[in-house]
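Thanks for passing this one along.

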Amino acid sequence: EHSFPQRGSLCLAVYDQPDRAPTAKAQATCIPLEASHFAGEWDMELLDPNALTLDTCDIWFDGVLNAEHESISVVQNRALAFGRPVDIQLRFGVQVAEGYTPQGELFLVVEQPANYQIFINGKPLTQHDCGYYRDISFRKLDIAGLLAPGANEIILQTRFQQSPQVYENLKRAQAFESEKNKLTYDSEVEAIYLVGGFGVATPGTYTDLPQNALRYSGPFILTPLPGSVPAAELTAHGLPFFNGKLRLTKRIALNAAETANRSFRYEEQLAHVARLTVNGHEVHTWLWRPFEVELTSLLQTGENVFTLELTNGLRNLLGPHHLEQGESYSVHPGQFFKEPNIWGFSSPWNADYCLMPFGIIF
């Protein structure tokens, strides 16, 4: 007999001479610790900094306001439509909770920041490159101490220009499909990011979507990072754009009867990787089901310390955030564009944010 977990598999070896077959190990039958032990808040420690994606802004071309609170994805195509160099100004709003001033390291992440003049709350930013974030083109600029409680603004100014060859290729691409394959741009306009030890409050409304996704409508507000969180709802508790690793810790009191022949089990893993440590002993790392492990000899009467290290990916940082359909089974360039461009890329758009939950469900 064999019990299959979801998506589980079994490999069988058949021997012509039974006496040469290895002895099969019996499956352990342990009693899972009650899920109620793991309910409520867990202490949280980030092992990677938190992030806030800024992908909407006010847009000026040659000093003329073109759009307010618009998707960054429209900027480049609208600028290219001039067929000539154009001065661009982008204004991003950042809301910081009243009474809170971000402490410690704080970075503004911009692709190719040398192409821009940057102003924080009206003051020019002296660019100090502090290395890269996630991609070697995503450069970190030190802005520690430059954001204040309330409304803040970040302004990027640039002279957007392409080589004459790019503008010529764009014209030919309108008529000839093959010409589109020759298009490469000398510079591009992309979203920017804040990275640091802050939390991101989401006081708006979350709606459940198919494929276990969430749609958020409302503001994003920088706040102190929460010290404790429910293990199943990390996205909505200060981490809507978080990517990387964090540590959750919970101290649980067990009586003598609960320490023998026990296992640790949870129902669903909303993370790429989960690693369990019990009382200082690393127990197991999960990539897939079954989400259960035996705890023989690791438990003790009285207080026990359970630590989960969770890792997620770049989905919530990079999107796509604005597909009308919500979460997609696949990702392609068109899903990041609100308006059609020379390749015809665009998708039905929703200004609210589609995010994926992050955590562990017991």
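1. A quick definition before the strand talk: two strands count as paired if DSSP finds at least two bridges between them. Keep in mind as well that this is a predicted model.

2. Start with the six-stranded sheet. It is open, its pairing is antiparallel, and its strands come in the order S18-S2-S19-S25-S22-S23. The edges are taken by strand S18 (228-230) and strand S23 (281-286); each has a single partner strand, so one side of each is left without a neighbour in the sheet. On average, neighbouring strands here are turned by 30° against each other, direction ignored.

3. Inside that sheet, look at the S22/S25 pair. Strand S22 covers residues 273-278 and strand S25 covers residues 302-312; the two run antiparallel and are joined by 6 bridges.

4. Is Asn 312 buried or exposed? Its relative accessibility is 13%, and the cut-off for buried is under 20%, so Asn 312 counts as buried. Leaving aside residues up to four places away in sequence, Asn 312 touches Phe 242, Asn 243, Gly 244, His 272 and Phe 358. Val 273 sits 39 residues from Asn 312 along the chain, yet their C-alpha atoms are separated by 7.0 Å.

5. There is also a three-stranded sheet, open and antiparallel, in the order S15-S16-S26. Strand S15 (205-209) and strand S26 (353-355) are its edge strands, and each pairs on one side only. Neighbouring strands in this sheet are turned by 30° against each other on average, again ignoring direction.

6. For the S15/S16 pair, 5 bridges join S15 to strand S16 (residues 213-217), and the two run antiparallel.

7. How many cavities of 30 Å³ or more does a search of the whole structure find? The search turns up 1. The largest cavity has a volume of about 40 Å³. Its lining is made up of Leu 90, Val 110, Glu 111, Tyr 116, Leu 156, Val 189, Glu 190, Ala 191 and Ile 192. By class, the lining of the largest cavity has 7 nonpolar residues, no polar ones and 2 charged ones.

Conventions: Residues numbered from 1 in each chain as written. Predicted model: local features only at pLDDT ≥ 70, side-chain atom pairs only at ≥ 80, totals over all residues. Heavy atoms only, no water. Helix = DSSP H or I, 4+ residues; strand = E, 2+ residues; numbered from the N terminus. Axes fitted to C-alpha atoms, helices over the stretch in contact; angles between N-to-C directions. 1 Å grid on protein atoms, 1.4 Å probe; cavity = no way out; pocket = protein on both sides within 12 Å on 5 of 7 lines; lining within 4 Å. Points joined across faces, edges and corners; volume = space filled by probe spheres on them. Nonpolar A, V, L, I, M, F, W, Y, C, P; charged D, E, K, R; others polar. Buried < 20%, exposed > 50% of the residue type's maximum accessible area, 1.4 Å probe, protein only. Contact = heavy atoms within 4.5 Å.
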